[in-house]
Amino acid sequence: MMRAGLGRDLHRLVPGRRFLLGGLEIPSSRGELGHSDGDVLAHAVIDALLGAAGLGDTGELFPPADPAWKDADSRELVKAAWQRVREAGWKLVNLDCVVICEEPQVLPHREAIRSSLAAALGVSPAAVFVKGKTNEGLGPLGQGGAVEALAVCLLEQDEGASREKNALFFTNLEKKA
Ligand code: MG
(Lines give C-alpha, C1' and ligand atoms only; values in the text may rest on other atoms or scores of the structure.)
Protein backbone atom coordinates (compact mmCIF):
# COMPACT_ATOMS: atom_id res chain seq x y z
CA MET A 1 0.00 0.00 0.00
CA MET A 2 1.18 3.53 -0.78
CA ARG A 3 0.01 6.77 0.78
CA ALA A 4 0.82 10.43 0.11
CA GLY A 5 1.13 13.09 2.81
CA LEU A 6 1.14 16.88 2.67
CA GLY A 7 2.62 19.30 5.21
CA ARG A 8 2.77 23.09 5.39
CA ASP A 9 4.15 25.56 7.91
CA LEU A 10 4.93 29.26 8.22
CA HIS A 11 7.06 31.20 10.70
CA ARG A 12 7.66 34.91 11.17
CA LEU A 13 11.23 36.06 10.53
CA VAL A 14 12.78 38.35 13.15
CA PRO A 15 16.29 39.65 13.94
CA GLY A 16 18.28 37.77 16.57
CA ARG A 17 16.99 34.28 15.75
CA ARG A 18 18.67 31.46 13.82
CA PHE A 19 17.45 30.64 10.31
CA LEU A 20 17.07 26.85 10.15
CA LEU A 21 15.92 24.69 7.26
CA GLY A 22 15.70 20.94 7.80
CA GLY A 23 18.19 21.13 10.67
CA LEU A 24 20.72 23.20 8.73
CA GLU A 25 21.57 26.69 9.96
CA ILE A 26 21.85 29.21 7.12
CA PRO A 27 23.55 32.58 7.67
CA SER A 28 20.88 35.29 7.65
CA SER A 29 20.13 38.62 9.35
CA ARG A 30 16.75 37.21 10.47
CA GLY A 31 15.57 33.86 11.74
CA GLU A 32 12.38 31.99 12.50
CA LEU A 33 10.36 33.03 15.53
CA GLY A 34 8.89 30.01 17.33
CA HIS A 35 8.40 28.16 20.59
CA SER A 36 10.76 25.47 19.30
CA ASP A 37 13.79 26.41 17.20
CA GLY A 38 11.28 27.45 14.50
CA ASP A 39 12.60 25.19 11.75
CA VAL A 40 9.77 25.71 9.26
CA LEU A 41 10.89 22.99 6.85
CA ALA A 42 11.30 20.37 9.59
CA HIS A 43 7.76 21.11 10.79
CA ALA A 44 6.26 20.80 7.28
CA VAL A 45 8.10 17.48 6.84
CA ILE A 46 6.76 16.14 10.16
CA ASP A 47 3.20 16.99 9.11
CA ALA A 48 3.65 15.31 5.72
CA LEU A 49 5.00 12.10 7.27
CA LEU A 50 2.42 11.91 10.07
CA GLY A 51 -0.39 12.83 7.66
CA ALA A 52 0.49 10.09 5.18
CA ALA A 53 0.43 7.52 8.00
CA GLY A 54 -2.71 9.02 9.58
CA LEU A 55 -0.88 9.47 12.88
CA GLY A 56 -1.69 13.06 13.83
CA ASP A 57 0.23 16.30 13.32
CA THR A 58 3.12 18.34 14.73
CA GLY A 59 0.92 20.30 17.14
CA GLU A 60 -0.57 17.14 18.64
CA LEU A 61 2.73 15.35 19.09
CA PHE A 62 4.70 18.38 20.24
CA PRO A 63 2.18 20.88 21.71
CA PRO A 64 3.53 24.47 21.64
CA ALA A 65 2.11 25.02 25.15
CA ASP A 66 4.36 22.22 26.51
CA PRO A 67 7.59 23.69 28.00
CA ALA A 68 9.37 20.46 26.97
CA TRP A 69 9.44 21.76 23.38
CA LYS A 70 10.78 25.24 24.18
CA ASP A 71 13.75 25.86 21.86
CA ALA A 72 13.51 22.17 20.85
CA ASP A 73 15.83 20.95 18.10
CA SER A 74 13.32 20.27 15.33
CA ARG A 75 15.60 17.71 13.74
CA GLU A 76 15.07 15.61 16.87
CA LEU A 77 11.31 16.14 16.46
CA VAL A 78 11.57 14.86 12.87
CA LYS A 79 13.39 11.77 14.14
CA ALA A 80 10.77 11.14 16.86
CA ALA A 81 7.83 11.57 14.45
CA TRP A 82 9.51 9.40 11.80
CA GLN A 83 10.16 6.66 14.35
CA ARG A 84 6.44 6.59 15.12
CA VAL A 85 5.63 6.30 11.39
CA ARG A 86 8.26 3.59 10.85
CA GLU A 87 6.93 1.60 13.79
CA ALA A 88 3.60 1.47 11.94
CA GLY A 89 5.43 -0.31 9.11
CA TRP A 90 5.99 2.60 6.71
CA LYS A 91 9.00 3.26 4.52
CA LEU A 92 9.77 6.51 2.74
CA VAL A 93 9.64 6.40 -1.06
CA ASN A 94 10.40 10.10 -1.47
CA LEU A 95 9.98 13.51 0.08
CA ASP A 96 9.71 16.71 -1.97
CA CYS A 97 9.73 20.19 -0.43
CA VAL A 98 9.35 23.87 -1.33
CA VAL A 99 10.64 26.75 0.81
CA ILE A 100 9.22 30.21 0.08
CA CYS A 101 11.14 33.30 1.24
CA GLU A 102 12.82 36.35 -0.26
CA GLU A 103 16.14 35.68 1.44
CA PRO A 104 18.42 33.94 2.11
CA GLN A 105 18.61 31.99 -1.14
CA VAL A 106 17.95 28.28 -0.68
CA LEU A 107 19.75 26.99 -3.78
CA PRO A 108 23.34 27.42 -2.51
CA HIS A 109 22.39 25.32 0.56
CA ARG A 110 20.15 22.80 -1.19
CA GLU A 111 22.46 19.78 -1.08
CA ALA A 112 23.32 20.39 2.59
CA ILE A 113 19.61 20.66 3.48
CA ARG A 114 18.85 17.44 1.57
CA SER A 115 21.66 15.65 3.43
CA SER A 116 20.53 17.00 6.80
CA LEU A 117 16.92 15.84 6.31
CA ALA A 118 18.00 12.50 4.80
CA ALA A 119 20.28 11.83 7.79
CA ALA A 120 17.44 12.59 10.24
CA LEU A 121 15.22 10.12 8.36
CA GLY A 122 17.92 7.51 7.79
CA VAL A 123 17.39 7.54 4.01
CA SER A 124 19.50 8.41 0.98
CA PRO A 125 19.64 12.12 0.03
CA ALA A 126 18.37 10.91 -3.38
CA ALA A 127 14.97 10.34 -1.74
CA VAL A 128 14.75 13.96 -0.54
CA PHE A 129 14.44 17.09 -2.68
CA VAL A 130 14.17 20.76 -1.74
CA LYS A 131 13.41 23.79 -3.89
CA GLY A 132 13.55 27.48 -3.01
CA LYS A 133 11.09 30.04 -4.38
CA THR A 134 10.64 33.75 -3.76
CA ASN A 135 7.22 35.35 -3.39
CA GLU A 136 8.02 38.02 -6.02
CA GLY A 137 8.14 40.71 -3.33
CA LEU A 138 4.45 40.24 -2.53
CA GLY A 139 2.94 40.12 0.96
CA PRO A 140 4.74 39.28 4.23
CA LEU A 141 6.65 36.42 2.54
CA GLY A 142 7.82 38.72 -0.22
CA GLN A 143 8.84 41.47 2.20
CA GLY A 144 11.00 39.21 4.37
CA GLY A 145 8.55 39.03 7.26
CA ALA A 146 7.99 35.28 7.07
CA VAL A 147 9.11 31.98 5.57
CA GLU A 148 6.79 29.23 4.41
CA ALA A 149 7.51 25.56 3.69
CA LEU A 150 5.52 22.87 1.90
CA ALA A 151 6.35 19.17 1.92
CA VAL A 152 4.82 16.20 0.17
CA CYS A 153 5.87 12.62 0.81
CA LEU A 154 5.06 9.16 -0.47
CA LEU A 155 5.13 6.27 1.99
CA GLU A 156 5.04 2.57 1.24
CA GLN A 157 3.90 -0.16 3.61
CA ASP A 158 5.25 -3.53 2.64
CA GLU A 159 2.73 -6.32 2.00
CA GLY A 160 4.11 -8.43 4.86
CA ALA A 161 3.55 -5.65 7.40
CA SER A 162 0.00 -5.09 6.07
CA ARG A 163 -0.76 -8.84 6.26
CA GLU A 164 0.58 -9.04 9.81
CA LYS A 165 -1.50 -6.06 10.84
CA ASN A 166 -4.62 -7.52 9.22
CA ALA A 167 -4.02 -10.88 10.90
CA LEU A 168 -3.66 -9.12 14.27
CA PHE A 169 -6.81 -7.10 13.60
CA PHE A 170 -8.91 -10.20 12.83
CA THR A 171 -7.42 -12.11 15.79
CA ASN A 172 -8.47 -9.24 18.07
CA LEU A 173 -11.93 -9.22 16.49
CA GLU A 174 -12.29 -12.96 17.15
CA LYS A 175 -11.21 -12.42 20.77
CA LYS A 176 -13.89 -9.74 21.19
CA ALA A 177 -16.61 -11.93 19.61
MG1 MG B 1 6.16 25.44 13.00
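Author: Some terms before we start. Buried means under 20% relative accessible area, exposed over 50%, and partly exposed in between (1.4 Å probe, protein chains only).

Reader: Good. What kind of model is this?

Author: This is a predicted model, where local features need pLDDT of at least 70, side-chain atom pairs count only at pLDDT 80 or more, and totals for chains, interfaces and linings use all residues. Residues are numbered from 1 along each chain as its sequence is written, and side-chain values use heavy atoms, with hydrogens and water left out.

Reader: Is Asp-71 buried, partly exposed or exposed?

Author: Partly exposed, because its relative accessible area is 47%. Asp-71 has a positive phi of about 55° although it is not a glycine.

Reader: Where does Asp-71 lie?

Author: In the loop between helix H2 (58–61) and H3. Helices (H or I, at least four residues) and strands (E, at least two) are DSSP runs, numbered from the N terminus.

Reader: And Glu-136, buried or exposed?

Author: Glu-136 counts as exposed, at 69% relative accessibility. Its phi is also positive, about 55°, and Glu-136 is not a glycine. Look for Glu-136 in the loop between S6 and helix H5 (139–142).

Reader: New topic. Which residues of H4 are buried?

Author: Ile-113, Arg-114, Ser-116, Leu-117, Ala-118, Ala-120 and Leu-121.

Reader: What follows H4?

Author: Gly-122, with a positive phi near 65°.

Reader: Which peptide bond is cis?

Author: The one from Glu-103 to Pro-104, with omega near 0°. Pro-104 is in the loop between S5 and H4.
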